[in-house]
Amino acid sequence: MREEKKINKVLIKDIKAVAFDCDGVMFDTTTANKAYYNQILEHFGRPAMTRDQFAYSHMHTVDQSIAHLFNEKTSINAAQAYRKSMSYLPFLKYMEIEPYLISLLERLRPKYKTAVATNRTDTMDRVIKAHGLVGYFDLVVSASDVDRPKPHPDSLIKIVNHFEIEPYNLIYVGDSQLDEMAANAAGIPFVAYNNGRLSADFYVNSLNEIENILELK
C-alpha cells in the first residue's frame, strides 16, 4: 500500500507556481516517442524498441536514450549524428495534448506562475508552438538548460530561483520516478499524474483535479 502524504491548507495557500513535466503529463507522447526512436533504430538495421527500452527512453534525455539503445561508442556517435540530421516535425502530429491542459493553464494564470521542467532537449520550443501553447508558460526548462537533467533537481531549482520563491511555493506535476526523485531532492511538493505507484503529496488522474488541490473556485 502506498504511503500518501498530505500538504496542509496553510501550505496550499503558500503555493505561488505550478510546474509540469512534458511527456506523459502535458502530452501523451507514447506514439511519438516510439516512432522517433524506432526510426533511428530502423535506419541502422536494428529491431524496434522493447517495452523496457521504451520505458527508459520515455523518461530520460535523448542523449541518454541513444546511449541506452546503442551501447557501443561508434554506434552511439553514428546514431547521434543521424538523430541530429532528422527533423522532429513529422513526429509532432503523434503527440496528443492532455485533456484540460489549456483550460487548467487559463485558470492558473495570472494568480500562479507556470513552468515546464522536462528532460526533452532541443524539441520543446517546437512542441510549444505546434500545439498552441505559446504564452501559457512563464518559464520552460529543458535538459539543455541545466547541468544535470532529472532525476537531479537542477531544473526545478532553476524554476524556484527564476521566480524568486521558496521550494514550498512550487508544486511539480510529474508521472515518473525521475520526476518524483527530482521533486524530493529539491524539496518541492510533488503531484503524481496517473501513477499511483509513486510516492507523492497528491495523486491526480486528470489535470483538472489540480484545480481542487489549489482550491480554485
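Author: N33 is buried, with a relative accessible area of 7%; buried means under 20% relative accessible area, exposed over 50%, and partly exposed in between (1.4 Å probe, protein chains only). The model is predicted, so local features need pLDDT of at least 70 and side-chain atom pairs count only at pLDDT 80 or more, while totals for chains, interfaces and linings use all residues. Residues are numbered from 1 along each chain as its sequence is written, and side-chain values use heavy atoms, with hydrogens and water left out.

N33 sits in helix α2, which covers residues 30-43. Helices (H or I, at least four residues) and strands (E, at least two) are DSSP runs, numbered from the N terminus. The side chain of N33 has a polar contact with the side chain of H58, at 3.0 Å. A polar contact is a pair of N or O atoms within 3.5 Å; within protein, one must be able to donate a hydrogen and the other to accept it, and residues adjacent in sequence count only if both atoms are side-chain atoms. Apart from neighbours within four places in sequence, N33 is in contact (heavy atoms within 4.5 Å) with D23, M49, F54, H58, Y88 and R120.

Next comes the packing of helices. Two packed helices are described by the angle between their axes and the distance between the axes. Axes are lines fitted to C-alpha atoms, for helices over the stretch in contact, and angles run from 0 to 180 degrees between N-to-C directions. The helix that holds N33, α2, packs with helix α5 (residues 73-85) at an angle of about 125°, their axes being 10 Å apart. That makes α2 oblique to α5: angles under 35 degrees count as roughly parallel, over 145 as roughly antiparallel, 65 to 115 as roughly perpendicular and the rest as oblique. Y36, Q39, I40 and H43 of α2 meet A79, Y82 and R83 of α5.

A second pair is formed by helix α3 (residues 51-59) and helix α4 (residues 62-69), which pack at about 160° with axes 8 Å apart. α3 is therefore roughly antiparallel to α4. On the α3 side, Q53, Y56 and S57 meet Q64, S65, H68 and L69 of α4.

Another buried residue is E211, at 14% relative accessibility, in helix α11 (residues 209-213). E211 and L104 are 107 residues apart in sequence, but 7.3 Å apart in space, C-alpha to C-alpha. Not counting residues up to four places away in sequence, E211 touches L104, R107 and L216.

The loops hold some backbone details. The peptide bond from R109 to P110 is cis, with omega near 5°, and P110 is in the loop between α7 (101-108) and β4 (113-117). The bond from K150 to P151 is also cis, with omega near 20°; P151 is in the loop between β5 (139-141) and α9 (154-163). E164 is not a glycine, yet has a positive phi of about 55°. E164 lies in the loop between α9 and β6 (170-174) and is exposed, at 74% relative accessibility.

Last, the confidence: pLDDT is the predictor's confidence in each residue, from 0 to 100. The protein chain has a mean pLDDT of 92, and 95% of its residues reach 70 or more. Over residues 1-10 the pLDDT stays under 50.
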